[in-house]
Amino acid sequence: MPLLASSTTFLLVIMTILISHLGGAMALLSLGGSNRNIKIHQRNRFNNNNNNVNVPSIILSSLQLQTTARNSMSRDPCQQHATKLNAAKISMSESKSSSTKKATTTDLTTLRKLVAQASELHDKNIAMSYSSNNYSADQLQSRLSDLEQEMASDPTFWDACNSARKDVVTHEIARYSKLKEDLELWSQLRGDAEGALELLEELLTTTDSESSSNGQDDEDDSDEEMISLTMDECQTCASQLLELSQKHELTALLSGPYDASACRLVLTAGAGGTEACDWVSMLYRMYSRHASYMDMKLTTLDDSAGDVVGYKSVELLVEGTNAYGWFKGEKGAHRLVRLSPFNANNKRQTTFAGVDVIPVLEEEEVNEIDIPEKELEITTMRSGGKGGQNVNKVETAVRIKHLPSGIAVKCTQERSQLLNKKLALDRLKAQLLAIAQEQQLQSLNDIRGDVVEASWGAQIRNYVMQPYKMVKDARTSWETSDVDGVLDGGGALEGFVGAWLRWMRAKEEKEKEEMELEV
């Protein structure tokens, strides 16, 4: 009997242990691989203590394992991922709001500077326009009305005998009408730019106050869109006003006596041989494209081809508004530095070309000048080229040299020697008049030699393509690394012309002040 009781007790203990471990194994299975260490630990514990088993502690361990499994299963991974994602979105939103606010502040500062710069230049142009025309805004409108009334009421206005007055009136009407349209456009652009800037500041102030009270920066998408549109409008109007004001400033500087006339450009190859002839062709292309860029008409009057490439000389006629005033700063020697394609060793070579600019004056102005015959040296030659036997056998070309100044003019444009002689003499007189005006002389007899020397030491502008890229004006120190842009004759060349005009105005004002101090 005692043996049977002990056997029964032993079987009961074994069954309890098996049931307990069966429940623990199921809990471990539900946990998966993450609870594998717990299962191994429980098995080792059973092997080490199978001779001294405490049934209640084993059952308690099983219950604890089951509770741990249920708690682990209750933590949903999707819910945890969503929580982390929301936190990341909030952080990104706060960072984006902060960066947007900083960018808006920076853009607002830039816009304020742009509007202030455009407004300052606008005020300067208005003062310059009224002072140059000696009219206020009301007087300008009154003057324009009087001219239009004269053109409409006078029955003989369009007669041939009244052609001189007709030309003056129509020219003034066109000039004053253009000035009036420009003034109205500038005022409208300035008003739009300043109004948009004020509205932008109000929107930013309102948005900041609302965001600080609500604690959220990304609620008002409509406000952000309005701020962006207002900022674009302000920048567009201010930039357009600044661009138009800068162009008018340059136009106002063209106030010389012959600036409104057409002009002739004479390009001549200097030191450099074949390279110099190619350099003349490059300048020919540059000025042709720039005349087109400035809405001017360019005509080739004469050209002499080089022995290999390019031209030995080219004569161009440029017609348009303020043609002479715009191109007169190009007079002088132009220096090119590059790896010569005509050098067998591809060495760096320096070459020169001369540019002369002469105004085309009206016949009345030219006829007023009288040059004694003894001061002129006239030679004739065959023109060659197109024109048939007449130009190839008869000496129709004429070359006139002014002995006191050394200035020479050649004309092969016409098929008649008499016509070429008249044209050459008119061009010589126009050139002497321009030089006298530049040198501020009272008489043509005081003109000193003004022949352009296309050689070292006389250059006004350097075009360096090797070993670095730079174009620099030796007079104004204006420079740029966009060599290709300058040679293409676009806006890059316009910058050099504008810099020279401003430099000349500053120079004239300085000389005027010095003369006043001497007096």
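In which helix is His 248 found? His 248 sits in helix 7, which spans residues 221-253, where helices (H or I, at least four residues) and strands (E, at least two) are DSSP runs numbered from the N terminus. The model is predicted, so local features need pLDDT of at least 70 and side-chain atom pairs count only at pLDDT 80 or more, while totals for chains, interfaces and linings use all residues. Residues are numbered from 1 along each chain as its sequence is written, and side-chain values use heavy atoms, with hydrogens and water left out.

**His 248**

- His 248 is buried, with a relative accessible area of 16%, given that buried means under 20% relative accessible area, exposed over 50%, and partly exposed in between (1.4 Å probe, protein chains only).
- When its neighbours within four places in sequence are left aside, His 248 is in contact with Asn 125, Ser 129, Leu 179 and Trp 186, contact being defined as heavy atoms within 4.5 Å.

**Aromatic pairs**

- Rings of Phe, Tyr and Trp (its six-membered ring) pair if their centres lie within 6.5 Å, and planes under 30 degrees apart count as stacked, over 60 as edge-to-face and the rest as tilted; by this rule the count comes to 3 aromatic pairs.
- One of these is the edge-to-face pair of Trp 279 and Tyr 463, with 5.0 Å centre to centre and 70° between the planes.
- That pair links distant parts of the chain, since Trp 279 belongs to helix 8 (residues 274-293) and Tyr 463 to strand 9 (residues 459-464), 184 residues apart; both Trp 279 and Tyr 463 are buried.
- The rings of Tyr 284 and Tyr 311 have centres 5.6 Å apart and planes at 75°, so this pair is edge-to-face.
- Tyr 284 lies in helix 8 and Tyr 311 in strand 3 (residues 311-319), so the pair ties together parts that are 27 residues apart in sequence.
- Tyr 284 is buried at a relative accessible area of 17%, whereas Tyr 311 is partly exposed at 24%.

**Thr 351**

- Thr 351 is placed in strand 5 (residues 348-360) and is buried, with a relative accessible area of 0%.
- The side chain of Thr 351 reaches the backbone oxygen of Ala 271 at 3.0 Å, and a polar atom of that side chain lies 3.3 Å from the backbone nitrogen of Ala 276.
- Not counting residues up to four places away in sequence, Thr 351 touches Ala 271, Gly 272, Glu 275, Ala 276, Trp 279, His 334, Arg 335 and Leu 336; among them, Trp 279 is also a member of the aromatic pair with Tyr 463.

Note on methods: A polar contact is a pair of N or O atoms within 3.5 Å; within protein, one must be able to donate a hydrogen and the other to accept it, and residues adjacent in sequence count only if both atoms are side-chain atoms.
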